[in-house]
Amino acid sequence: MVWLLIQLLRILCMVLPLLISVAYLTLIERKVIASIQRRKGPNVVGFFGILQPFADVLKLLVKETILPSVANRVVFILAPVITLFLSLMGWGTLPVGDGQVYADINLGLLYIFAVSSLGVYGIIISGWSSNSRYAFLGGLRSAAQMVSYEVSIGLIVMNVLVCVGTLNLSQIVNFQENIWFMVPLHGIALLFFISALAETNRPPFDLPEAEAELVAGYFVEYSSMTFALFFVGEYGSILLMSALCSILFLGGWLLGGTVVMGVKTIFVVFLFIWVRAAFPRYRYDQLMRLGWKVFLPLSLGWLICVSGIVILVV
């Protein structure tokens, strides 16, 4: 019983800061985009708009949850729960500092990609259970997009694994003590970042949520807290991919501990936001062509090149 309470407390200490970070990530995004577009952004609720995320949460809490009459209600409600749960599960093996990780397992990186690949099920289920053609098309687009870019992102990460020889994220960070992988593998780091944009359905690859064609995509029929669960799941995945990028290519917590790890993650998050404000949305055929005809050959070529260099050096 005591062991169970300790584990619940550890999970709570991991999830609560994450949820608060997601709340303020929305504020940072709105502020950064407003600055790029020469606007003020949220500045009414609290000093400098600092309480705006809590106002948004309160608004979603008190709104009525509308269930479409033609929807499969059980699956309809279950879909956002699955999406949020899987986005939180990925943090279980991700170290935020030296020894600061819930489960420091040897297959940590493989676990993260296995959990993130399951996230597409929540999106497909939501699109199907809504019984709406717009939501269903958004779910199909997301499934095809995530499968396409998971192939290239797997080959990209294999370049790091060839250099390190382990799937343990803590050991990957410690291996970069002399030089970050961003320096020798800068091309791979760029491919990883762009693939992370596609994996998390972020602009310019937000085809599953395209407002112009699909109104809002796979969650068009959701409202109040069911919509909020999708929102938290998506932004939690953005934070996860940003933290993973800083671990794989920017040295993680080296040179300053958890604070430096947070700064590097915020820097990658800023790049996510900047891309949203700076680039227009791709067409769907361009999205597929980029994944299969550009990223896949490039990542495979990099893998062959890096493997050959490692064999020659070792």
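## The loop between helix 7 and helix 8

In this predicted model, Pro204 sits in the loop that runs between helix 7 and helix 8 (211-214), and the peptide bond leading from Pro203 into Pro204 is cis, with an omega near 5°. The loop between helix 7 and helix 8 also holds Asn201, a residue that is not a glycine and yet has a positive phi of about 60°.

With a relative accessibility of 4%, Asn201 falls under the 20% cut-off and therefore counts as buried. Asn201 follows helix 7.

## Helix 7

Helix 7 spans residues 186-199, and its 14 residues reach 20 Å from the first C-alpha to the last, which is close to the 20 Å expected at 1.5 Å a residue. The helix is mostly covered, with 11 of its 14 residues buried; among them are Gly187, Ile188, Leu191, Phe192 and Phe193, as well as Ser195 and Glu199.

The buried residues of helix 7 pack against several other helices, namely helix 4 (108-129), helix 5 (133-164), helix 9 (224-249), helix 10 (258-278) and helix 11 (284-313).

## Ser224 in helix 9

Helix 9, one of the helices against which the buried residues of helix 7 pack, contains Ser224. The backbone of Ser224 has a positive phi of about 50°, although Ser224 is not a glycine. Ser224 has a relative accessible area of 2%, under the 20% limit, so this residue is classed as buried.

How values were computed:
Residues numbered from 1 in each chain as written. Predicted model: local features only at pLDDT ≥ 70, side-chain atom pairs only at ≥ 80, totals over all residues. Heavy atoms only, no water. Helix = DSSP H or I, 4+ residues; strand = E, 2+ residues; numbered from the N terminus. Expected span 1.5 Å × (residues − 1). Buried < 20%, exposed > 50% of the residue type's maximum accessible area, 1.4 Å probe, protein only. Contact = heavy atoms within 4.5 Å.
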